[in-house]
Amino acid sequence: MLELYHYWDSVCSTKVRMCLAEKGLEWTGHHVDILAFEQTHPDYLALNPNAVVPTLVHDGRPVIESTVINEYLDEVFPAAPLAPRDPYGRARMRAWVMYEDHLVYPQVKVASFNLMLRNILTGRTDAELKAMTRTHPNPRQAALYRRAARSAPKLKEVAAAAATLVEAVRRFEAALSQHPWLAGRDFTLADIAMAPMMDRLEHLDMANLWAGAPATADWIARLKERPSYGAAMPAAEHRVPGPLSAR
Ligand SMILES: N[C@@H](CCC(=O)N[C@@H](CS)C(=O)NCC(=O)O)C(=O)O
């Protein structure tokens with residue numbers, strides 16, 4: 001039995017939902033409203049002491065970290081493999097996934113807090129923010145929530161994040177001009193890791209980042225054609241309003 005503790009509009013949760021969909025696995029969802037700070041409730045912290053989504057529970061045992069979860073799923077359910085068979089291919093795939101975790105996601109997070117999450121967080125009361133700060137195990141993350149809830153968007157930070165992503169798109173373009181998927185000939189966990197990031201950047205009205213990158217634009221179009229993309233991305237009613245929603 002597979003249970004997923006997730007938030008619909010969380011890129012890290014989407015990454016795992018896409019992997020589950022690619023593998024055709026059935027799962028039971030438990031929605032954790034991270035903007036209502038449910039990730040800091042003691043029951044959830046017992047599963048995931050980092051107070052983040054997603055958490056997979058497989059036959060009663062929790063697995064945390066989206067990248068680790070996806071590799072775990074690919075090992076435990078080897079049908080429809082999502083990693084190259086050769087060690088060098090797997091190394092290339094993992095390097096892309098690490099690039100998503102360590103470089104791309106942090107920029108997407110900055111842009112998301114400033115352009116989207118604050119639209120909901122501004123509605124949180126002082127008492128709610130105080131309770132969250134008391135229970136969140138990560139003081140830096142708690143501070144990010146408080147700041148997003150109570151101060152104006154930091155557009156300079158968004159611009160710096162976008163500038164960093166220009167280099168990421170340059171790297172996508174170089175790879176995708178050589179082969180159809182990020183890590184090579186085959187669709188892998190690397191493409192799954194990056195797909196929710198590209199979707200979020202579109203939602204944040206930042207798709208101009210790849211306006212001059214045809215191989216990247218084509219890759220995104222092919223990602224969207226996969227049934228797993230539609231299954232994993234949040235439906236319109238689950239999306240937190242962003243800059244495009246106002247238009
Ligand atoms: N490295 C973790 C990051 C998870 C993460 O940051 N999740 C975000 C949503 S995408 C979250 O739960 N944020 C809530 C919080 O930090 O309180 C993973 O990939 O699972």
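Strand 3 (residues 55-58) and strand 4 (residues 61-64) form a hairpin with two residues between them, and aspartate 59 in the turn has a positive phi of about 50°; strands here are DSSP runs of E of at least two residues, numbered from the N terminus. The model is predicted, with local features needing pLDDT of at least 70 and side-chain atom pairs counting only at pLDDT 80 or more, while totals for chains, interfaces and linings use all residues. Residues are numbered from 1 along each chain as its sequence is written.

**Strand pairing**
- Strand 3 and strand 4 pair in the antiparallel sense over four bridges, where pairing requires that DSSP finds at least two bridges between two strands.
- Within this pairing, leucine 56 stands opposite valine 63 in strand 4.
- Strand 1 (residues 2-6) runs antiparallel to strand 3 and is joined to it by four bridges, with threonine 55 of strand 3 as the bridge partner of tyrosine 5.

- The four strands make up an open sheet of mixed pairing, in the order 2-1-3-4.
- Strand 2 (28-31) and strand 4 each have a single partner strand, so one side of each of these edge strands is left without a neighbour in the sheet.
- From one strand to the next the twist averages 25°, taken between axes that are lines fitted to C-alpha atoms, with angles running from 0 to 180 degrees between N-to-C directions.
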